[in-house]
Structure formats: C-alpha cells, structure tokens
Number of protein chains: 2
Amino acid sequence: MIGRVQPSPVPAAAAVDEAPGAAGMPRDPWALEEVGVLARETLGERVTAELRALLVAGRLAPGEKLSLRRVAEALGVSMMPVREAVSRLAADGALEVLPGRAVRVPVLTLAQFRELTRLRLVVEGFAAEEAARKATPDQLARIAAHEAAFRQAASAEAPDSAGAVAANRDLHFALYEAAGMPSLVEMIERLWLKAGPILNLDMRHEPRRLKGGRAMQEHEKLLTALRRGDASAARAALEADIGAAAAHIEQTGQLKESD
Amino acid sequence: MIGRVQPSPVPAAAAVDEAPGAAGMPRDPWALEEVGVLARETLGERVTAELRALLVAGRLAPGEKLSLRRVAEALGVSMMPVREAVSRLAADGALEVLPGRAVRVPVLTLAQFRELTRLRLVVEGFAAEEAARKATPDQLARIAAHEAAFRQAASAEAPDSAGAVAANRDLHFALYEAAGMPSLVEMIERLWLKAGPILNLDMRHEPRRLKGGRAMQEHEKLLTALRRGDASAARAALEADIGAAAAHIEQTGQLKESD
DNA sequence: CCAACCTAACTGTGATCACAGATCACGACA
DNA sequence: TGTCGTGATCTGTGATCACAGTTAGGTTGG
C-alpha cells in the first residue's frame with residue numbers, strides 16, 4: 001500500500017517561488033547573472049524522487065505491489081507522471097513490472113543480494129579511497145556531523161530507527177560526494193536503490209541489533225582514516241561496515257533461495 | 001536528425017510469432033512448461049532497445065537533437081512509447097532533456113569523460129578479473145571468436161568500421177558476461193551508453209587509426225591472460241585497452257572544455 | 001463441503017488531445 | 001546596417017480515454 005506516502009502531495013508546484021517576475025528594465029546585469037537557470041522540476045521528476053526516497057528508506061517492502069492509479073491518487077497527480085517515474089525506476093531495476101500483472105518492489109535472490117554486495121564493496125570502496133584523498137575540511141566536518149547524528153539516533157534509550165536510517169544514508173553519501181565524482185555517486189545511488197528495501201527495512205525493524213554497535217565502530221574508524229588521509233584504511237572500514245550489514249541481512253533469511 | 005534510423009520501422013510487432021495459438025486441450029503438460037513465459041516485449045522496451053543500440057554504436061552523435069514526434073514517426077509508433085524510452089535513457093544519463101527545449105545526446109565535458117574513464121577502469125577491470133577466474137571454455141571460445149572478427153574487420157584493406165565497432169562491443173561484453181554477474185553487466189552497459197557516442201563515433205570516423213593496432217595487441221594479451229586464468233594480467237590488458245582508447249579520444253579534442 | 005467456472009473490477013499499455021513555453025525567422029524601427 | 005520585437009511553429013508535459021489481459025471473488029454445480 002502506498003497510503004502512508006509523504007503527506008505533502010497538495011503543494012506540489014509551489015516550490016519554484018523565486019521566479020523573478022518579468023524581466024523588465026535590465027538595469028543591473030549583475031543581478032541577472034546570479035539567479036541561475038531556476039531549474040524547473042517536472043512532475044515526473046518529483047514523483048521519481050518521492051519513490052526513490054521511499055525505496056532507499058526501506059518504506060516500501062520487497063514484494064509490495066504498487067498500482068499506478070493508486071500512487072497517482074495518493075500523490076494528487078495524474079497517472080502520467082507516475083508512469084514516467086515507474087518507467088525510470090524499472091529501468092534501474094529498483095522496481096519491476098510483471099508482464100500483465102502489476103508493478104512491485106523486487107524481491108532479491110540470495111545470489112542477487114551477494115552480487116550486489118560485492119559490487120558495493122568494489123564501487124563504494126573505491127569511492128572511500130578517493131574521498132580519503134580529496135576530502136576538504138568542510139566535507140569532513142559534514143561527514144562527522146552525520147556520524148554524530150547516527151550515533152545519537154542509534155544509541156539512544158529509545159532508538160530512533162527512522163532517524164538512524166536517514167543519518168546512515170546521509171553519512172555514506174556525504175562520503176561519496178567527497179570523492180568529487182558525480183557519475184560515481186549516481187552509480188552508488190542505483191546500487192542503494194536495489195539493496196535499500198531489504199537493508200533499511202531490516203534496520204527499521206530491529207533498530208539496535210548488532211548492526212548498530214558494529215556500524216558505529218566502523219564509522220568511527222572511517223572518520224579517523226579520512227582525517228589522516230589514509231585511503232586504504234578508509235576503504236577497509238567501509239568494507240567492514242558493508243560486510244557486517246550484509247552478513248546480518250543474510251542471517252535473517254528474508255531472501256529468496258533460488259530463482 | 002533521426003532520419004537514418006535503422007530502416008526496419010514497419011515490421012515492428014512481428015517478432016513475437018511463437019505464440020502457441022489457443023491453449024485448447026492441454027494434453028501434454030510437459031510441452032507447456034518448456035515454452036517459458038514468452039516475455040511479451042512492450043513497444044516502449046522495443047524503442048528503448050533501438051535507441052540504446054544507436055547510442056552505443058555511435059550512430060547518434062553527441063549534441064544531436066532528437067524529437068519525440070519525429071522518432072515516433074520514423075519508428076512507426078505513437079509518441080507514447082518514445083516518451084517512455086527517452087525517460088529511461090534520460091534517467092541513465094544516456095540522453096538529456098533540456099528544460100523547455102529538446103532532448104539531445106549529451107556532450108561530455110573533458111572532466112566528465114575522464115571520470116567516466118576512471119570508473120570504467122575500476123568496474124570493467126574488476127569484471128575482467130572475475131571473468132579470468134570463472135570463464136568456461138565455451139565462453140572463452142566465444143570471446144576468441146569475437147576477437148578474430150574484430151581483427152579481421154580492423155586490419156582488412158578496406159577497414160569495416162561498423163563491423164569493427166560491433167565486434168569490439170561483442171568482445172567486451174562476452175568478457176563481462178563471463179564474470180557471471182548480471183548487475184555488473186548492466187552497470188557496464190550504462191557506462192558504455194554514456195561513453196559510446198564519442199568512443200564509437202570516433203572509431204567509426206577514422207577506422208584504422210592507432211586505436212586499431214593498439215586495441216588488437218591488448219585484445220590478444222587479454223585472451224592469453226584469460227586462458228591462463230591470470231586475473232591481474234587480464235585486468236592490466238583491459239585497462240591498457242581502455243586507457244589507449246581514452247587517450248586517443250582526448251587528443252582528438254572533441255570534448256567540451258569546461259561546463 | 002469442495003472444486004470449478006464465470007463475471008466484474010482492476011491492471012499496465014498505447015493513442016489522442018490540450019497547453020505552456022521555447023525556438024527561429026521574418027520584418028520593422030532606430 | 002544592426003538590433004529588437006513579434007508571430008508561427010514545434011517542443012516536451014500532463015490529462016483523459018480506450019483496450020486487452022489478468023486477478024480475485026462470488027456463485028453454481030458436483
């Protein structure tokens with residue numbers, strides 16, 4: 001069910017407020033150069049972003065079926081933008097459309113999950129190395145902030161599972177963006193889109209499980225490695241983090257056995 | 001212009017002939033299990049595949065503008081499937097849709113091309129290692145066949161540029177599929193989709209340029225490494241192949257300087 | 001009481017229409 | 001002669017309608 005979608009479908013096209021009215025009297029050419037191109041966000045992109053967020057956050061469970069019409073109704077838009085969004089996500093493998101049936105969140109095979117994990121180790125490990133070499137102090141501070149947020153959310157008396165998931169995601173992607181390679185970040189986003197539903201669904205379900213303690217350790221090692229500019233240590237810490245999470249998922253047995 | 005699109009737009013829906021008529025009298029249940037689900041290919045997927053093929057083959061030049069209506073007319077379909085195809089390809093970065101203007105093949109910045117090359121070295125290098133470990137004799141034979149085809153097409157008196165491009169693509173992807181990791185292959189396809197237009201447009205333009213000789217050397221080294229199961233040698237050969245091609249592209253100066 | 005059929009609701013897919021915005025070319029004014 | 005305004009044309013985007021296929025539920029026959 002898509003019922004509990006983010007409750008802000010109505011003010012859809014109200015985000016582009018800074019349109020500078022008419023362009024009458026260009027007396028001050030400097031001011032016009034600073035406004036940027038005011039990127040118009042199409043409805044389809046908006047729906048795509050919405051679904052992506054739900055997927056990486058694990059709020060759409062594997063096997064859950066989606067209906068174009070219901071999603072459209074829930075988001076207050078026509079069926080058209082939803083079709084576009086689903087097309088894109090299906091092309092990425094983040095959703096799958098059964099032949100004549102419905103569109104649903106893919107359920108990963110054990111083999112598929114293991115392949116995904118190996119790819120994450122290769123790609124995200126490379127990103128960690130690169131980030132260790134090129135991260136600026138400002139970026140380091142931002143990563144540290146997310147690490148603190150994760151620690152607080154995960155180690156509190158009443159663990160904030162949603163907050164931990166979000167902080168973990170922010171931490172990782174702050175790291176990856178520090179590598180300064182946009183296409184690499186997109187690549188990793190695609191991997192997370194596929195693995196997100198299981199990974200974060202589980203993390204949301206049992207918040208403080210060994211994932212918590214282990215993740216915090218590795219995050220700390222990662223930070224010190226980044227501060228020293230030690231690429232291989234950063235890679236090792238990140239690989240340990242990914243590996244620990246993957247091992248935990250595997251032993252919960254939420255994965256399909258064969259094809 | 002989409003004018004010189006593959007000249008087979010008319011027999012579009014004529015490929016799914018093996019529909020077993022009516023399902024009257026299921027006397028032989030065994031036969032029914034073998035037919036598979038006869039994957040119905042939707043029109044949108046067909047158009048997507050068509051455009052993908054054009055892109056990786058370099059038959060759509062960077063900066064070339066596409067029109068949904070013209071592509072639809074050229075392919076003999078409605079505008080709808082083309083929209084879906086363009087949406088998917090745009091999500092992959094293989095096409096880009098300017099805000100209010102048109103959809104066009106992206107023109108890579110020098111920096112973007114270098115990033116893409118680095119990612120290819122990481123990902124395709126990993127695939128080569130994995131293939132060296134797990135390739136079966138049958139897969140090795142297939143790779144060798146493509147290598148022979150490339151050699152013949154590239155070293156002939158009148159070089160067959162289109163054939164060389166196709167053989168090169170087949171060779172590489174036979175290698176990557178030998179790694180036995182489907183998601184990895186998809187990942188590499190996405191990279192080729194982005195880099196294909198420049199890479200193969202150039203290869204098509206000047207067929208026997210140093211790219212030819214160098215590529216054949218590295219392909220040969222790659223094959224011997226695969227036969228020995230030498231993972232690091234296979235990676236080295238592939239990296240040399242990619243690096244040589246990339247260096248050649250850079251020195252032709254077809255890339256935008258900044259953003 | 002169980003199984004098989006049959007109907008009604010719902011699925012994604014494709015086509016067509018409507019619309020705001022951008023592009024481009026022609027023509028008028030300075 | 002150079003430059004700006006202006007209208008026709010074409011762009012992608014979104015909505016609505018139509019359709020074939022599937023699914024699920026209720027009913028009927030055994």
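What share of the atoms of DNA strand C within 4 Å of the protein belong to sugar or phosphate, and what share to bases? I looked this up at the outset: 61% belong to sugar or phosphate and the rest to bases.

**Entry 1: basis of the model**

I note that this is a predicted model, in which local features need pLDDT of at least 70 and side-chain atom pairs count only at pLDDT 80 or more, while totals for chains, interfaces and linings use all residues. Residues are numbered from 1 along each chain as its sequence is written, chains are lettered from A and ligands numbered from 1 in the order in which they are written, and side-chain values use heavy atoms, with hydrogens and water left out.

**Entry 2: confidence in chain A**

I checked pLDDT, the predictor's confidence in each residue, from 0 to 100. Chain A has a mean of 81, and 79% of its residues reach 70 or more. I then compared elements, where helices (H or I, at least four residues) and strands (E, at least two) are DSSP runs numbered from the N terminus. Helix α1 (residues 29-34) of chain A has the lowest confidence in the chain, at a mean of 45, and helix α5 (residues 110-134) of chain A the highest, at 96. Over residues 1-36 of chain A, pLDDT stays under 50. For that stretch the model has 22 contacts (heavy atoms within 4.5 Å) beyond four places in sequence. Where pLDDT is low, the predicted coordinates should not be read in detail.

**Entry 3: DNA strand C**

I listed the residues near this strand, that is, with a heavy atom within 4 Å of it. There are 20 around DNA strand C, and those that come nearest are Ser67(A), Thr42(B), Leu43(B), Ser78(B) and Arg101(B). I next looked at phosphate oxygens of DNA strand C. One is 2.6 Å from an N or O atom in the side chain of Thr42(B); for the side chain of Ser78(B) the distance is 3.1 Å. From chain A, a backbone N or O atom of Leu66(A) lies 3.3 Å from a phosphate oxygen of DNA strand C. Helices α3 (68-75) and α4 (79-91) of chain A, with α2 (43-56) and α4 (79-91) of chain B, each supply at least two residues of the surface near DNA strand C.

**Entry 4: DNA strand D**

I repeated the search for DNA strand D. Of the 20 residues around DNA strand D, Thr42(A), Leu43(A), Ser78(A), Arg101(A) and Ser67(B) come nearest. A backbone N or O atom of Leu68(B) lies 3.2 Å from a phosphate oxygen of DNA strand D.

**Entry 5: chain B against chain A**

I found 27 residues of chain B in contact with 27 residues of chain A. The two chains bury about 2,500 Å² between them (accessible area, 1.4 Å probe, lost on being put together and summed over both), 59% of it on carbon and sulfur atoms. Glu115(B), Arg118(B) and Met187(B) supply 21% of the area that chain B buries against chain A, more than any other three residues.

I counted six salt bridges between chain B and chain A, each a side-chain nitrogen of Lys or Arg within 4 Å of a carboxyl oxygen of Asp or Glu. One of them joins Lys194(B) to Glu186(A), with the closest N and O atoms 3.5 Å apart.

Methods: A polar contact is a pair of N or O atoms within 3.5 Å; within protein, one must be able to donate a hydrogen and the other to accept it, and residues adjacent in sequence count only if both atoms are side-chain atoms.
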